Amino acid sequence: MKMVFKSKIKWIALLVLILSTGSLVIHLSITKFSTSSLVSYASKKDSGVDFPPLPEAQSVRYFRNKKLWGVVKSLESLQPYANPRSTYPVPHEKNNGYIYAKIFGGFEKIRSSICDLVTISRLLNATLVIPEIQESLWSKGISKKFKSFSYLYNEEQFIASLKKDVIIVKSLPDNLKAARKRNEFPTFKPKSTASPSFYIQEILPKLKKAKVIGLVLADGGCLQSALPPGMYEFQRLRCRVAFHALQFRKEIQVLGYLMVERLRAWGQPFLAFHPGLVRDTLAYHGCAELFQDVHTELVQYRRAQMIKRGSLKEELNVDSHLHRENGSCPLMPEEVGLLLRAFGYPPKTTIYVAGSETFGGQRVLIPLIARFTKVVDRTSMCSKQELFDLVGPETPLPVDSFKLPPHKSEKQLKEEWKRAGPRPRPLPPPPDRPIYHHEKEGWYGWITESNSEPDPSPMYLRRQAQRLLWDALDYIVSMEADAFFPGFNNDGSGWPDFSSLVMGQRLYESAASRTYRPDRKLLAELFNITREDMYHPNHNWTLAVREHLNKSLGEDGLIRQSLQSKPSSFLSHPLPECSCRISSAEFQTPIEGVDGRYLYGGEDECPEWMQHGQEAAPLESMGAERGKNDDESDYENDVVQQESDDTGGKSSLSLPMDQDDEWDPND
């Protein structure tokens with residue numbers, strides 16, 4: 001009996017061992033196949049770049065869920081039309097003189113400033129010298145292959161495209177260059193709110209007298225956004241500059257569209273998302289408390305700088321949570337992930353994260369990556385060699401060296417610990433713990449040791465210049481995306497931003513494409529409702545999110561954008577000046593604001609040649625409509641198949657413009 005019992009135990013143990021082994025093999029197989037399609041949000045090595053295969057056929061069509069990717073029907077009649085509508089004489093070489101300019105700032109300020117420069121040159125009947133982009137001067141360490149403008153844009157295309165609007169030259173005549181170096185020409189620093197009358201009354205007389213004037217642009221423009229009704233042609237000129245003449249240099253365009261092809265090669269639409277988490281934006285709007293520890297301190301330091309320079313007239317310490325509820329702060333990536341899931345985007349949706357700067361780094365993107373398996377950026381879609389070829393041959397620079405701080409006694413360390421004060425300034429390590437290397441590098445180093453940020457190193461300046469290229473690549477991808485979602489866009493305060501420029505150009509080129517224009521104030525109220533249980537919202541909350549995001553795609557979103565964004569940035573909402581409507585579409589009753597300008601509607605009728613073209617080539621060809629109901633399955637079943645200022649401002653006339661290319665506009 002005992003032997004039989006032992007025998008049974010052996011057989012049971014053997015059976016359990018076999019079942020355990022089989023279960024382990026099955027689970028490992030499932031894990032292998034379920035992760036084979038994931039895209040890591042990280043840079044890939046040159047030897048192992050695994051891009052999806054490009055389709056053989058050039059024309060790729062998708063049968064997609066219209067509720068997630070379909071066009072906005074109410075905006076299909078809007079077409080891009082920035083051609084002059086009235087007599088528009090070609091500029092004459094015998095004009096009032098030359099205008100040269102220096103542009104400070106990043107990608108958004110540069111793009112907006114160039115559009116205003118061309119408009120001012122036309123207004124003053126002057127010849128424009130290709131502007132100098134200060135962020136991409138040779139002194140910043142960029143390749144000698146490029147001049148400042150050509151580092152980002154195509155000079156020849158820029159000049160040729162605007163030959164009927166403004167005469168543009170690459171440099172001043174030789175006889176005027178020496179006089180410029182001697183600072184013989186008047187120089188002005190106009191505000192981005194300067195009115196046309198300021199240029200006519202203040203600048204034009206000096207231009208006629210001196211024949212050359214210089215402009216210093218540091219506010220993201222030099223002309224007010226809303227021009228008088230009689231100046232619609234100047235608004236259209238802005239559109240022609242921004243949406244046609246300003247083309248990126250060839251290498252940027254080739255790589256940008258190659259990235260788009262690689263994204264589409266996965267066989268499904270993709271959504272572009274710009275977080276808008278930029279240190280300057282966060283500081284300007286008082287959003288420091290959205291972060292923790294050292295990041296909060298960094299934002300507050302930049303805010304103090306803005307207050308000292310006069311670009312911000314507010315208190316240093318503000319309630320960031322109150323600002324967030326007012327809609328002044330960007331949406332956090334975690335919140336955007338929840339919104340997209342609530343709207344119905346499935347976890348397999350491809351999301352391209354745009355923007356050369358995401359303050360807070362990968363840490364703030366973790367919640368978004370956790371909800372969507374395909375979160376990528378330029379480092380995922382390009383090899384290191386492709387990015388290296390884009391910047392061109394650069395002179396080697398010494399890597400920022402790390403220097404150990406001077407040794408401190410135990411008594412000094414204890415005194416520092418007692419005087420550290422409350423957060424957000426990070427506390428120094430306890431006296432009994434050693435100081436680790438990472439706590440003295442970069443941001444951590446100067447914040448814990450000093451009250452002032454160190455001067456930028458040569459490597460930092462080079463990286464700032466390279467950010468122009470990364471923003472250009474992201475701009476192309478954002479323009480070509482099937483949907484675009486901004487974490488932050490210009491709301492009538494501050495300076496131009498990346499998302500507002502993308503939204504404006506998408507509205508111009510393809511008004512019916514899916515461009516979300518969320519109301520951050522309303523969304524803050526919704527998140528406050530479900531803050532205690534964000535990851536398990538109730539059905540009513542989900543329906544409210546869907547209703548708002550659907551409205552933001554159409555007329556409601558456009559009216560809100562016109563009210564809040566257009567007064568400070570025309571390129572963010574170039575309607576109705578730069579568009580027309582197809583006559584066959586339903587008549588849209590124009591909606592006017594309190595100032596008499598059109599908030600929605602009021603576009604001219606498209607010319608016949610455009611209307612015939614629209615009849616011959618519909619805006620989009622799609623498969624059969626999926627179900628008509630609004631339940632969850634309509635959003636989740638996303639199966640994709642592939643077929644073959646009035647007075648302005650001026651500086652002293654003796655500014656040393658050419659003696660110091662690195663002149664600080666805030667001095």
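Modeller: What follows is a set of questions about labels, each answered from the definition.

Modeller: This is a predicted model, in which local features need pLDDT of at least 70 and side-chain atom pairs count only at pLDDT 80 or more, while totals for chains, interfaces and linings use all residues. Residues are numbered from 1 along each chain as its sequence is written, and side-chain values use heavy atoms, with hydrogens and water left out.

Colleague: How many helices and strands are there in the protein chain?

Modeller: The protein chain has 24 helices and 16 strands. Both are DSSP runs, numbered from the N terminus: helices are H or I with at least four residues, strands are E with at least two.

Colleague: What share of the residues of the protein chain count as buried?

Modeller: Of its 667 residues, 51% count as buried. Buried means under 20% relative accessible area, exposed means over 50%, and partly exposed lies in between (1.4 Å probe, protein chains only).

Colleague: Why is the pair Cys239 and Cys578 called a disulfide?

Modeller: A disulfide is a pair of cysteine sulfur atoms within 2.5 Å. For Cys239 and Cys578 the S to S distance is 1.9 Å. By this rule the count comes to three disulfides.

Colleague: What makes the disulfide of Cys239 and Cys578 right-handed or left-handed?

Modeller: The torsion about its S-S bond is about 85°, so the disulfide of Cys239 and Cys578 is right-handed. Cys239 sits in helix H7 (residues 232-245), and Cys578 in the loop between helix H22 (555-564) and strand S13 (579-581), so the bond ties together parts 339 residues apart in sequence.

Colleague: How do you know which hand the disulfide of Cys287 and Cys329 has?

Modeller: The sulfur atoms of Cys287 and Cys329 are 2.0 Å apart, and they form a disulfide. The torsion about that S-S bond is about -100°, so this disulfide is left-handed. Cys287 lies in the loop between helix H9 (279-284) and helix H10 (294-309), and Cys329 in the loop between helix H11 (320-325) and helix H12 (333-343), 42 residues apart. Both Cys287 and Cys329 are buried.

Colleague: What makes Cys580 and Cys606 a disulfide?

Modeller: Their sulfur atoms are 2.1 Å apart. The torsion about the S-S bond of Cys580 and Cys606 is about 95°, so the disulfide is right-handed. Cys580 lies in strand S13 and Cys606 in the loop between strand S16 (604-605) and helix H23 (608-616), so the pair ties together parts 26 residues apart in sequence. Cys606 has a relative accessible area of 3%, so it is buried.

Colleague: What pattern do the disulfides of the protein chain follow?

Modeller: Counting bonded cysteines along the chain, the pattern is 1-4, 2-3, 5-6. Cys115 is in no disulfide, and the nearest cysteine sulfur, that of Cys239, is 8.5 Å away. Cys115 has 1% relative accessibility, so it counts as buried.

Colleague: How do you know that the span of helix H3 agrees with what it should be?

Modeller: The expected span of a helix is 1.5 Å times one less than its number of residues. The 17 residues of H3 (residues 107-123) should therefore span 24 Å; the end C-alpha atoms are 25 Å apart, which agrees. H3 is mostly covered, with 17 of its 17 residues buried.

Colleague: How do strands S8 and S9 run, and how many bridges join them?

Modeller: Four bridges join S8 (residues 270-274) to S9, and the two run parallel. Two strands pair if DSSP finds at least two bridges between them. Strand S9 is also joined to S10 (residues 374-376) by three bridges, again parallel. In S10, Lys374 stands opposite Thr350. From S9 the chain crosses through helix H13 (residues 362-371) to S10, in a right-handed β-α-β crossover. Right-handed here means that, with the strands pointing away from the viewer, the path from the first strand over the helix to the second runs clockwise.
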